[in-house]
There are 4 protein chains.
Amino acid sequence: MNIDRIHFVATGGTIDKRYDPLSGQLYIGAPVLPEILARAGIEGKVSEVLKKDSLDISESEREQLAAFIAALPEHQVLITHGTDTMGASAALIEPRVPGKTVVLTGAMVPWSIAGSDAAFNIGVALAAVQILPPGVYIAMHGRVLPHAAYVKDRAQGRFIAG
Amino acid sequence: MNIDRIHFVATGGTIDKRYDPLSGQLYIGAPVLPEILARAGIEGKVSEVLKKDSLDISESEREQLAAFIAALPEHQVLITHGTDTMGASAALIEPRVPGKTVVLTGAMVPWSIAGSDAAFNIGVALAAVQILPPGVYIAMHGRVLPHAAYVKDRAQGRFIAG
Amino acid sequence: MNIDRIHFVATGGTIDKRYDPLSGQLYIGAPVLPEILARAGIEGKVSEVLKKDSLDISESEREQLAAFIAALPEHQVLITHGTDTMGASAALIEPRVPGKTVVLTGAMVPWSIAGSDAAFNIGVALAAVQILPPGVYIAMHGRVLPHAAYVKDRAQGRFIAG
Amino acid sequence: MNIDRIHFVATGGTIDKRYDPLSGQLYIGAPVLPEILARAGIEGKVSEVLKKDSLDISESEREQLAAFIAALPEHQVLITHGTDTMGASAALIEPRVPGKTVVLTGAMVPWSIAGSDAAFNIGVALAAVQILPPGVYIAMHGRVLPHAAYVKDRAQGRFIAG
């Protein structure tokens, strides 16, 4: 249950979105993981592998992400990821990481916006990655389930247990 | 791993502190648990048992808290509590709750103040209470340990694994 | 210098933008004026006349806004407005409101997003509308100038004194 | 109406209070003026003259503050100050600054705490200091009045026009 055994991986997604006053649009900024961890008195190893809205992740980029996770020496990996294709990344990662516990999380509201669920979700994922047996999980809305059992319902804007 | 199986219990502490403009002092306000859960899309059963700085909890109040937890029908209980005597409450609760998983958490910085660790800590505790076997645990700084193994060092202002 | 003599008018714009988790887009929500005023211990009369990105305000809507301002019994009017066509609305309003002090303001970053200038800008505009002689002014970046002398440079994303 | 002509002076007070997790107490931190101005796209000259709860300002310190304001080359001075003795400082400053416009402001809730009035109040004061004729004024709750006409009612926790 040592934080040093965990690798944090940022890929972009809603959690990292910020507002650009010039364009009036949201864009994906630097990972919010370090700031959220620091508030809780934690320093963690954070790697930024992608910086994408998850709908824009190509298959080769998803392969690159899976290869990166597979090659990590750590057996506990927490990934921040856009919610729309979180399940697709999880499915690709799973066969590559026997013996590892991988938890994907993200946010419905960007960390930069009032009322964000980002810090809470990372907390949920961080506990789960330290406790759960090997496997690839999704942590959202206070629940942590094997990825194939927790699917985003885009009409409702939330994950539903299958 | 159903949220309905969890009972949330607020006892006051730093996490619930707010600012009173008249006196210029911090006081313990209504529990922040409902707002933090709502941001993550969760509705939970929240009971307010005490509303105290944990240094001001009397032994009879601590007994009352332990009795309340023991009497709950739920087997998963998340308690928000001041950090200074979180360990004392955990020690008193433990022999009363065989078969239950109880996780205590709180905050080093009030939820109402910029840079608070409150939402993150409740996320950590919420995952832990759903996954860990029966026992009484403390969740702070991203770690969840059996209460006797995780003790607050007041000089450093953080919990240290014993 | 009585707050009761001021009429507050919301028309939408960046200041009122909020995040929609379903679409991942920003939309114009309820006016933020009442919340910002309440924080400062002020209750004000707020009318919502439009709810538009200012690039989407039609000429007939701009006429409707000018007519609304002209018809108000108050001689001090503070308008929140999108920055892109704030000057166009000011120019249309000016000939209709002899004897009135009208100050338009808005925000470069929505009130709902970290680092917003909204509360500050409304403070600047509120002081100005109480002190300045009749005329139509723009208040942004801590300055208050007659509208024709303070023009948005969209490349720089700020107002420049002409 | 050029920002360069204004000197900003911080003296501490509620506006600058922050939370110390070790002691659980609020303390007076670095001035918040630069951050609040930066959000609005403004750079200003900020001097920190005192760093005190205004109830703890001694008469010699108040003299020192008045002498500092009197010696400034700028004719527009915005002072952030604790609310409890804002009036006493204003009264001492007034005879020393003929020809200058001095506006004192502060906050009922620290900038570091949710719901603060700090940014709004500084906005009000900044407009006022640029527009009003020479004199010493207090800006709070959206109003700006000559200091002797605007007195803090400590029971109500707000300034009342005399």
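Predicted model: local features only at pLDDT ≥ 70, side-chain atom pairs only at ≥ 80, totals over all residues.
1. What joins the side chains of A:D84 and A:K152? The two side chains meet in a salt bridge, at 2.9 Å from N to O. The term stands for a side-chain nitrogen of Lys or Arg within 4 Å of a carboxyl oxygen of Asp or Glu.

2. Residues are numbered from 1 along each chain as its sequence is written, chains are lettered from A and ligands numbered from 1 in the order in which they are written, and side-chain values use heavy atoms, with hydrogens and water left out.

3. A:D84 has another partner. Its side chain also meets that of A:R154 in a salt bridge, at 3.2 Å from N to O. A:R154 lies in the loop between β9 and β10 (158-161) of chain A, so this pair ties together parts that are 70 residues apart in sequence. As background, side chains of opposite charge can pair when their charged atoms come close.

4. A:K152 counts as buried at 18% relative accessibility, whereas A:D84 is partly exposed at 26% relative accessible area. Here buried means under 20% relative accessible area, exposed over 50%, and partly exposed in between (1.4 Å probe, protein chains only).

5. The side chains of B:E74 and B:K45 meet in a salt bridge at 2.7 Å, N to O. B:E74 is in the loop between α2 (59-71) and β5 (76-80) of chain B, and B:K45 is in strand β4 (residues 45-52) of chain B, 29 residues away. B:E74 counts as buried at 10% relative accessibility, and B:K45 is partly exposed at 38%. Over all chains, a search of the whole structure finds 36 salt bridges.

6. Next, the interface of chains B and A. Contact (heavy atoms within 4.5 Å) takes 30 residues from chain B and 30 residues from chain A. Between them the two chains bury about 2300 Å², 65% of it on carbon and sulfur atoms; buried area is the accessible area (1.4 Å probe) that two parts lose on being put together, summed over both. The elements of chain B that give two or more residues to this side are α1 (33-39), α4 (118-131) and β8 (143-146). The largest share, 11 residues, comes from α4(B).

7. By class, the side of chain B that touches chain A has 17 nonpolar, 9 polar and 4 charged residues. In this scheme Ala, Val, Leu, Ile, Met, Phe, Trp, Tyr, Cys and Pro are nonpolar, Asp, Glu, Lys and Arg charged, and the others, Gly among them, polar. There are 0 salt bridges between chain B and chain A.

8. The interface of chains B and D takes 16 residues from chain B and 16 residues from chain D. About 1200 Å² is buried between these chains, 66% of it on carbon and sulfur atoms. In chain B, the residues that lose the most area to chain D are B:Y19, B:L22 and B:I113, together 41% of what that side buries. Across this interface the rule finds 0 salt bridges. The chain B side divides into 10 nonpolar, 5 polar and 1 charged.

9. Chain B is superposed on chain D by a rotation of 180° with 0.0 Å of shift along its axis (RMSD 0.0 Å), by least squares on the C-alpha atoms of residues with pLDDT of at least 70 in both. That is the relation of a two-fold axis. B:I113 is the residue of chain B that comes closest to the rotation axis, at 2.2 Å (C-alpha). The same surface serves both copies, as 100% of the contact residues of chain B recur in chain D.

10. Two chain pairs are without contact. No contact joins chain B and chain C, whose closest C-alpha atoms lie 11 Å apart. No contact joins chain A and chain D, whose closest C-alpha atoms lie 11 Å apart.

How values were computed:
Helix = DSSP H or I, 4+ residues; strand = E, 2+ residues; numbered from the N terminus.
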